[in-house]
Amino acid sequence: MTHAATKPATGTFPQGFLWGGATAANQIEGAYSDGGKGLSIQDVMPQGITQPPSDGPTPDNLKQSAIDFYNRYAEDIALFAEMGFKVYRFSIAWSRIFPNGDDEAPNEEGIAFYSRVLDELEKHGIEPMVTISHYETPLNLARSYGGWTNRALIGFYERYCRVLFERFGSRVKYWLTFNEINSVMHEPFMSGGIPTPRAELTESDLYQAIHHELVASGRATRLAREIMPAAQVGCMILALPVYPLTPSPDDVVRAMDTAHASYAFGDIHCRGAYPGYLLRYFRDNGIELDITEQDREDLKNTVDFVSFSYYMSICETADPDKQEKGPGNIMGGVPNPTLEASEWGWQIDPQGLRVVMNDYWERWQKPLFVVENGLGAKDVLVESDGVLTVEDDYRIDYMNNHLVQVREAIADGAEVMGYTSWGCIDVVSASTAQMSKRYGFIYVDRNDDGSGTLDRHRKKSFGWYRDVIASNGAALN
Ligand code: BG6
């Protein structure tokens, strides 16, 4: 790899480390039907994953207007630049480019919008990183095709990728194929555009959908190499280290099995074939997938780097009386009695980040990119020296403690390309569709009931992150 060619000294970050922030189109853009955009699955998820989808768009869906990034992107990117961002990870809304997903030709207005966003990033010297599909499958592909259960989506996705690579390939170096690809098993509609309720889907249905996504990811990687030889393509995994609840070997084996369910995605993306433990699981559970010879070839297009989100760890146990899961990032798990939790019940475990980074690095030997991490918290806007701000020391603590563990993982030998904090500006929550679950360094004046001016205010963490970036991490405690 070209990145981080020189190993940094212990306790430092490599030169050229890509500091920045991350968002997703459906959580920030709004303007859900402007510029020729079609509907996406998010337009029928007014309550996030807490309620079943609605029939069509409803006025209570905050994502339809979100934080109006569609019109305010220049102002927001200028604020990112003020913090010194080196990289900005954002997603392209598939339904802005192909409103129905199966259209023959792309929507030029959608392309023009992202071109303007790239202009702005270039103006400020911020490297773009694009997530091609971040929980925003065009609604038509869900409703008319059954989402990723249908093999036809591979072709539609490839057509979409071709347009992105041909139009933006000279301007975007870093690409991620699917956000948190391992979440399909848990949230089939949001993650895989699969409209059938989870309880009615068989494991075969889900693994077939996953297979289609993995093949699509492989094909996108091959296409990226053909069209943009200098580009780097990464997979994106929801990282959730799994600890045994007790030292009992039964708990250890249970933890291993749960970890395998997510490792499989990285194993296939990095090694180009299904791992033995997953083939065994298919055999033991009578799961037979439709896998063609061409599919096997497509899977061999392995990724350049591994990106992941990290918010929390979980425990596993074989004890039937302790199976109750706590809240968490999509999957959740058996709570860890030694850890505290956020206001939304996600357990806070900075060292888990070091654990998972060592784990991934040793397993795949591919450069790592932390593309999501952060604290969802209720913020209170206050006036300080005549300026509206948020005294978010809790967020500074959270981020400082996690970044210290990134530094530790680098000292342990992991090659790490960068770190983009999640929701660098307040966004609408993916799971709950709330505005009040805030992650940003920038406060957006918008409330859960839709009220608010949409004005932006720098939180205390804004200046803190600016100092961390300016010192290339030396300002961390
Ligand atoms: C990840 C997603 O699961 O976590 C993001 O990739 C999401 O889209 C983030 O916003 C935080 O989750 P939530 O539910 O607090 O928004």
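## Salt bridges, fold and selected residues

Asp290 and Arg151 pair through their side chains in a salt bridge, with an N to O distance of 3.5 Å. Asp290 sits in the loop between helix 10 (276-284) and helix 11 (293-299), and Arg151 in the loop between helix 5 (139-145) and helix 6 (152-168), so the bridge ties together parts that are 139 residues apart in sequence. The model is predicted. Asp290 is partly exposed, at 41% relative accessibility. Arg151 is also partly exposed, with a relative accessible area of 26%. Both values fall in the intermediate class because buried means under 20% and exposed means over 50%.

This pair is one of 32 salt bridges found in a search of the whole structure. Side chains of opposite charge can pair when their charged atoms come close. A further case is the salt bridge of Glu408 with Arg354, where the closest N and O atoms are 3.6 Å apart. This bridge links distant parts of the chain. Glu408 belongs to helix 13 (residues 393-412) and Arg354 to helix 12 (residues 350-364), and the two residues are 54 apart. Glu408 has a relative accessible area of 28% and is partly exposed. Arg354, at 30%, is partly exposed as well. Salt bridges with shared partners also build a network. Its members are Asp379, Asp392, Arg395, Asp426, Arg438 and Lys459.

The salt bridge between Asp43 and Lys37 has an N to O distance of 3.4 Å. Here both residues are buried. Each therefore has under 20% relative accessible area.

The overall fold comes next. The protein contains 14 helices and 14 strands. Its radius of gyration is 21 Å, close to the 23 Å that the globule rule gives for 477 residues, so the protein is as compact as a globular protein of that length. Along the principal axes, the C-alpha atoms fill a box of roughly 65 × 55 × 45 Å. Of the 477 residues, 61% count as buried. Contacts between residues at least 6 apart in sequence were also examined. Of these, 76% join residues at least 24 apart.

The accessible surface of the protein comes to about 17,700 Å². Carbon and sulfur atoms account for 49% of this area. The protein carries 42 positive and 66 negative charges. The mean positions of the two sets are 4 Å apart.

Two residues other than glycine show a positive phi. Most residues other than glycine have a negative phi. In Glu180, phi is near 40°. Glu180 is placed in the loop between strand 4 (174-176) and helix 7 (188-192). At 3% relative accessibility, Glu180 is buried. In Gln365, phi is near 50°. Gln365 also lies in a loop, between helix 12 and strand 9 (368-372). Gln365 is exposed, however, with a relative accessible area of 52%. This value counts as exposed because the class begins over 50%.

Arg167 lies in helix 6. With a relative accessible area of 38%, Arg167 is partly exposed. Residues up to four places away in sequence aside, Arg167 touches Pro106, Glu108 and Ile111. Arg167 and Ala81 are 86 residues apart in sequence. Their C-alpha atoms are 24 Å apart in space.

Leu476 is found in the segment after helix 14 (460-470). Its relative accessibility is 7%, and Leu476 counts as buried. Not counting residues up to four places away in sequence, Leu476 touches Phe13, Asn400, Leu403, Val404, Arg407, Trp464 and Val468. Leu476 and Thr432 are separated by 44 residues in sequence and by 31 Å in space, C-alpha to C-alpha.

Technical notes. Residues numbered from 1 in each chain as written. Predicted model: local features only at pLDDT ≥ 70, side-chain atom pairs only at ≥ 80, totals over all residues. Heavy atoms only, no water. Salt bridge = Lys/Arg side-chain N within 4 Å of Asp/Glu carboxyl O. Buried < 20%, exposed > 50% of the residue type's maximum accessible area, 1.4 Å probe, protein only. Helix = DSSP H or I, 4+ residues; strand = E, 2+ residues; numbered from the N terminus. Rg over C-alpha atoms; globule rule 2.2 N^0.38 Å. Contact = heavy atoms within 4.5 Å. Areas by Shrake-Rupley, 256 points an atom, 1.4 Å probe, with all protein chains shown as cover. Lys, Arg positive; Asp, Glu negative; His and termini not counted. Charge placed at Lys NZ, Arg CZ, Asp CG, Glu CD.
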